[in-house]
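Dear colleague,

I am handing over the structure below for your reference. My findings follow directly after it.

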Amino acid sequence: MPKVKVNDRTVEVPPGTSAMDAIFHAGYDVPLFCAERHLSPTGSCRMCLVKAGSPRKGPDGEWIKDESGEIKIFWFPKLMASCTLAVSEGMVIDTLSDEVRHAQSGMVELTLANHPLDCPTCDKGGACDLQDRAYEYGLEQKFYTGPTGEPVYTRYEFSKRHVDKHHPLSEFIILDRERCIHCKRCVRYFEEIPGDQVLDFIERAVHTFIGTADEGLPSNFSGNITDICPVGALLDRVARFRGRNWEFEQTPSVSTEDASGQYVWIDARSGRIERIRARENPELNDIWISDAARFGHEWVDQDRVTTPLVRKGGSLEPASWEEALAAMQKGLEGVPQERVGLLLPGDATIEEGMAAAELAKTLGSGYLDFEGRSAVPASNFPAATFADLLEADYILTIGDPTEELPLSHVWIYKRLRGVKTPPRLNHGTPIADLSIREHTPPDRSLLGAFAPYPTRVMEWAEAKGVFEPGQASALLGAIDALLAGRDAPRVAGVDAGALKQAAQRWRKAKKRVLLLGAEVLNDVEAAQLAEKLAKSQGALVLAMTPAANARGLEAMGVWPSGDKMPRALLAAADNPPQLLLDLAEFKVFHAARLSEVVRQHADVVLPAKTSYEKLGTLLNVENRLLELRPAHVEAGEAEGLIQVIYLFAQALGVKSSLRLVRQARARFTERYKINLDKLEEFGQVWRPRVSLSPRPRQGEGGNLYLRPSMWKSRHLLGETVQRALGTLTLAAHPQTALAEGLDVGATITLQTPWGTQAARLEFDDELPKGWFFLPALGSNPGARVPFKALVPEGGEAR
Amino acid sequence: MGFFDDKQDWLAEVFAQYPEDRRRSALMPLLRRVQQEEGYVSFERMKEIAEIVGTTATEVAGVMSFYSYYQGLPTGKYHIQVCRTLSCKLAGSDELWKTLVERLGILPGEVSEDGRFSLQAVECLGSCHTGPVIQINDEHYIERVTKERLQALLDGLSEDKPLEEVRRTLPGEEETGKHVIELVKGGES
């Protein structure tokens, strides 16, 4: 490994490391704006200038020496941008001399020449790279002096450039073109990470601005550009003008929007969540999070339940906890214990799952379920980690990774671009990784993608196909047959050649990863075929459940058994199945928000903490234990699910042994020898042994397909998300829609077993005929349900 | 109908020059073809090119706007490009520009009523010793433009005489129009 001398320290770094990373590795600092972890270095801001030189070897193969017999250093004729300079053996880098400092302060001055001085009203103020560097380099008397020797801030006397200051790029992102310093991080980000080049430099020289010719920012990962913008040019519109950086209480936690458990910072101020940012986890989400994880928090302070509510004479009235307990005791009187059901949310923690399972066992009740449960337990599949995707020789997706597990979209694209796991240096991930290149075309031969509708990842797949909803088992059966060397039966809509190609690539690959979506996980036959495919071939699986903690809850034994419907219910979920609500006589809701369902059905409502306010542990899609930490949110008398289960047990007249997260954790340590209080920094892989049998979902059948979506119904309560998503889209093949008398653009009210929903009809001739597709917005992705369409005016009802 | 629909052979020829997974490289020749035939690249064409080379309209717009050659708005039959960089400026390009604007009654981005002329100020055309210089479409430069020569040029073009003929018969073209720096041996002029 090359030895590099940085000022007075000598460090050894892997070959191909940039000079910038060698400097940080040695513990020195160098200013930078354009270099960013996980993005290709371009050297566009010229801020990281250093003096560098290397020794040379003579014709005799020996280092050339100077007159005094020392190895001679051949300095580069000019200062070099350290982010694009690769280290070489014996390189000497100087970052402290006056020559270097003068050049760097000159660059700060130049960058500031057109940058507005509106830091007092800029959201980035206090967390701004440019502000920090201006503070560091500005007014250095040595370099900046006026005619009489007094210090001056800048030598530029021109007026600043004035351009568009409030340019919305999308509903989520606003661009201030005056503040932009043209570092190109956001442009590179879109091209290299989610793989949509929707931003670019328009014009050139002083006229250059960031712009788009496409409509909005379509990616599910658009929010990340607000994190990586080194100045206040790109801002999060949900969090804009909501507080200064130093006023936020920053809590490191984990997002429960999907099963990946992305690391986030929750920034709260005066008891309110104002902003969510990505938190670095090099093994999980690098520095990227999905838009749902970032922008989907607005619902938290809307219609919040802050005290227990008890139904009195038809309406829910505020009550004390004692009154709520009394009401529960009264309501549960006469209900046999084995007919008491528990329904958990999909993001209930392991600790809460443990308490619920214990209570269900005490009661002898079989109805113990969680929202977003798949028909087949996710734990049945050998879990892959995201890092396994980078090693994979073939990736097969059956489903829609972009929507079901947004993070996997990023990892798949990383793999197709040939990105390698970066080394860990003293300062963490390399800031300027020279192995990453701009515009690397994806290697399509590594990916096969099949789904009931065209998905985003299909654009990168060599073998791809759209099959009819419900035909996942036929598809997997055909792959199974091909692998066994038999003739495959035809799968409607899927090209036989594509299937054959996928099977061939799969067979040849040494390391394989299989991504399974709701379409497979909710189809018992398909899931069993997939399990066989994975296990017989030693493939690893990412089972993309909508529930954030499906594996953790399954491991705790939260899974229904028996067929008796409960007569009394503790529901902690957003949208319990209608059938359940109709059959149960007495319903206690543990809810953070007074939704329509709660208002209509609850006999007692107990105020709940949201997942932003909880302490607990999740087991993510890779079987990685991650810790949720509570942010400081004002939520009245809200309590965690463990406390509520304890109270509910008390109302039933039984004793629960778990009343605190601490007790559940102690029990966990006892059982599994893992201390949940002291998990590793980036989460810890734990593979519990789980044996549960499949439980098909109720009420399938119908031609409305609930397409998985990253956005959930609760996100729509937020103003910004609602504006961004607008009316939902009901998509169908033109022939299918017209046969039903529905024309493009019509706004339709859909009546489904899961409620009523307005949607706008769009045609898409790539969709399978005979089906309608609606975003699921919740826990039932992949469900096929009947529906009735009502067209308000100008169209025919069917 | 798309611009390239009936040019499939030409497209195949262009793409044959680049590696198969680098179709984006053909962005410039495609843009140039549209610019030459239609006088500008409309948004529809940008989207069409993006589709053909496999990128986004944004990237096409980014590349296009970098070069002053490509026009985003319709141009006239004669697209007059006036150099406004230092040497030409010293030689009077500001006055030339003003004269042109007044005479034609148009500003950049507009086309004269008869559809003949459009105007653009450009950076250095690389003929600093014969400034002020203008270029019309992709043709030879008109050098050392004076009021008299400009008048003759516009008159000639208004009568739809061939551009090359008009250029050759400009007043004083014999003496001033063909100023050549003869290099003597050793590179000294």
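This is a predicted model: local features need pLDDT of at least 70, side-chain atom pairs count only at pLDDT 80 or more; totals for chains, interfaces and linings use all residues.

On the side of helix 2 of chain A, the contact is made by A:Gln104, A:Ser105, A:Val108, A:Thr111 and A:Leu112; helix 3 of chain A contributes A:Leu130, A:Arg133, A:Ala134 and A:Tyr137. By class, five of these residues are nonpolar, three are polar and one is charged.

A second pair in chain A consists of helix 8 (residues 350-363) and helix 20 (residues 661-672), whose axes come within 9 Å and cross at roughly 85 degrees. Helix 8 of chain A and helix 20 of chain A are therefore roughly perpendicular to each other. Among the residues making this contact are A:Ile350 and A:Met354 of helix 8 of chain A, and A:Val661 and A:Phe668 of helix 20 of chain A. The contact has six nonpolar and three charged residues, but no polar ones.

Turning to the two chains, 12 residues of chain B are in contact with 13 residues of chain A. Helix 4 of chain B (residues 57-66) gives the most to the side of chain B that touches chain A, namely seven residues. That side comprises four nonpolar, five polar and three charged residues.

Finally, the domain assignment divides chain B into domain 1 (8-66) and domain 2 (78-175). Taken over C-alpha atoms, the centres of domain 1 and domain 2 of chain B are separated by 29 Å.

Yours sincerely

Conventions: Residues are numbered from 1 along each chain as its sequence is written. Chains are lettered from A and ligands numbered from 1 in the order in which they are written. Axes are lines fitted to C-alpha atoms, for helices over the stretch in contact, and angles run from 0 to 180 degrees between N-to-C directions. Helices (H or I, at least four residues) and strands (E, at least two) are DSSP runs, numbered from the N terminus. Angles under 35 degrees count as roughly parallel, over 145 as roughly antiparallel, 65 to 115 as roughly perpendicular and the rest as oblique. Two residues are in contact if their C-beta atoms, placed from the backbone, lie within 7 Å. Ala, Val, Leu, Ile, Met, Phe, Trp, Tyr, Cys and Pro count as nonpolar, Asp, Glu, Lys and Arg as charged, and the others, Gly among them, as polar. Domain bounds come from an automatic or database domain assignment.
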